[in-house]
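Hi everyone, thanks for making time. I'd like to walk you through one chain today, so please have a look at it first.

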Amino acid sequence: MCGGSVPTLNGRSLDLRAMTADDAEALYRIWGHPQVAPWLGMPPLSSVEETRLLIDQLLDMSLEEENLRWSILGPEGEVIGSCGYNNWQLEGAYRGEIGCELAPECWGQGMMTEALGLVLDYGFDKMGLNRIEALCHPDNGRAAGLVQSLGFRQEGILRDYRHLPSGFQDVLLYSLLSREWR
């Protein structure tokens, strides 16, 4: 990939950069927001400190090339979300899985489309991925619409794929191939 570092990616109206401990307060508000938290596929975070610990884990995982996560910086340089690769495999598969979250006040402005465009460019052009997947909760029409607008195709349902405190959860599997991107 990139030697374990998280590169800065610059877009027209936003930038992606490595997460820092200073992002914890903003990300805690986003990840814990009642319109965002149900779709994360993980138990809710209980504090800013727990969010800092998660950021530290994600940064450690990026050094081991297990995960690659960016903070999304809005036009004023403020943290408005996060996105990146939850995992990837090169040899034998050349595929990765993306995930993203955005502050609800930024929804509908094209910001996540721009952010994921940068992530997809990086995955296909720099990481050498051939296939990028997105997993969406069946009731999350906003996420499904987003990935479809980027060219992803729905392949099927992964039944009881995740386990949360509320029980097992299905997810919809979407994919985009390198030859289909731009």
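I'll start with the ground rules, then go from the overall fold to the strand pairs.

This is a predicted model, so please keep the thresholds in mind: local features need pLDDT of at least 70, side-chain atom pairs count only at pLDDT 80 or more, and totals for chains, interfaces and linings use all residues. Residues are numbered from 1 along each chain as its sequence is written, and side-chain values use heavy atoms, with hydrogens and water left out.

Now the fold. The chain has 4 helices and 8 strands; these are DSSP runs numbered from the N terminus, H or I of at least four residues for helices and E of at least two for strands. Read from the N terminus, the order is β-β-α-α-β-β-β-α-β-α-β-β.

What about overall size? The C-alpha trace spans about 40 × 35 × 35 Å along its principal axes. A compact globule of 182 residues would have a radius of gyration near 16 Å, and the 15 Å of this chain agrees with that. For the record, that radius is taken over C-alpha atoms, and the globule rule is 2.2 Å times the number of residues to the power 0.38.

Of the 182 residues, 46% count as buried, meaning under 20% relative accessible area with a 1.4 Å probe, protein chains only. Contacts, by which I mean heavy atoms within 4.5 Å, also deserve a word: among those with a separation of 6 or more, 61% come from residues 24 or more positions apart.

Let's move to the strands, where a pair requires at least two DSSP bridges. Which strand is largely enclosed by the rest of the structure? That is strand S5, residues 95-102, because 6 of its 8 residues are buried.

S5 has partners to look at. Strand S4, residues 79-89, runs antiparallel to S5 and is joined to it by 8 bridges, with Gln-89 bridged to Arg-95 in S5. The two form a hairpin with 5 residues between them, and in the turn Gly-92 has a positive phi of about 85 degrees. S5 also pairs with strand S6, residues 131-136, this time in the parallel sense over 4 bridges. There, Ile-98 stands opposite Ala-134 in S6.

Finally, strands S7 (residues 153-164) and S8 (residues 167-177) are antiparallel and joined by 8 bridges. How many residues does the hairpin from S7 to S8 pass through? The hairpin uses 2 residues, and Arg-162 has Gln-169 in S8 as its bridge partner.

Notes. Buried < 20%, exposed > 50% of the residue type's maximum accessible area, 1.4 Å probe, protein only.
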